[in-house]
Amino acid sequence: MLETIRVLEEIQRLDLEIAATEEEEKRYLLDIEIADARAAALAGTRDKASAEMGDINTRIRDIDEEIRKCGERVQKDEKRLGEIKNDRELKALNKEMTTANKAVKQHEEEKERVVARLAEKKTAHDAAVAALGDATGLSERLSGEMASKKPAWEEIRQKDAALKETEKSRISPQIFKKYESIRSKRGGIGLAKVVNETCHGCFIHIPPQVYIMLKRGVSELMTCPHCHRILYTEADPAPGTNSQPGA
Ligand SMILES: [Zn+2]
């Protein structure tokens, strides 16, 4: 049984090595996805700000046109001043000029507000463009890194898969099947070391009789009553070393 355990240990080591490359690739994919989602959101913010700036610029042109028209009216009124014949006409013209001047003032005030809003939109737009550049840069950098690491990951996976096949042929198919079944249900770890009567798969104490049988080296595989992983112990275990994480 000890030989079987050693083979399972090696299979587990290979499985963990393969899983580590898969985890690393998954982390890259997730980080790229996050950067891409951020870039898409920022592109939306940039486009919205652009559209709003366009609208504001149109409004500014309209206001300028209003100001120009009012200015013309004032000039016309000023010319008419010389042709005034009586007080009534003068009063009416003054009133008209006051109205036109007031309108110019109102338009100019509105223009000031609109120009300030345009500046705000431009700040938001420029910030989005800068952040978009960062997010796109990050996504590209991560994609490049991932692509450069991929061949090494593939190599590890292929090499370890072949080694695993060799190891597998050294144990009974039933035991291998059992290991694979536990591994798939238990976060990729099918084998757990027992140190100080504690399963290092789930870190729960195992019954003393199970521990005694393990230490004695029984002919059958022992499993943890809590996490069901295949248990093993070393003749002279160094506490805290080579323990497997996760439950
Ligand atoms: Zn356990």
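The model is predicted: local features need pLDDT of at least 70 and side-chain atom pairs count only at pLDDT 80 or more, while totals for chains, interfaces and linings use all residues. Residues are numbered from 1 along each chain as its sequence is written.

**Layout**

- The protein has 4 helices and 3 strands, taken as DSSP runs numbered from the N terminus (helices H or I, at least four residues; strands E, at least two).
- Their order from the N terminus is α-α-α-β-β-α-β.
- The radius of gyration, 39 Å, is well over the 18 Å that the globule rule gives for 247 residues, so the protein is more spread out than a compact globule; the radius is taken over C-alpha atoms, and the rule is 2.2 Å times the number of residues to the power 0.38.
- Along the principal axes, the C-alpha atoms fill a box of roughly 130 × 40 × 30 Å.

**Nonpolar cores**

- A nonpolar core is a set of buried Ala, Val, Leu, Ile, Met, Phe, Trp, Tyr and Cys residues joined through C-beta atoms within 7 Å.
- The largest has 18 residues, of which Tyr179, Leu191, Ala192, Cys199, Ile230 and Leu231 touch the most other members.
- Two or more residues each come from helix H1 (2–80), helix H3 (173–185), strand S1 (191–195) and strand S3 (230–232).
- H1 contributes the most, 4 residues.
- A second, separate core has 7 residues, including Ala39, Ala49, Ala128 and Ala135.

Technical notes:
Buried ≥ 20, exposed ≤ 12 C-beta atoms within 10 Å, placed from the backbone.
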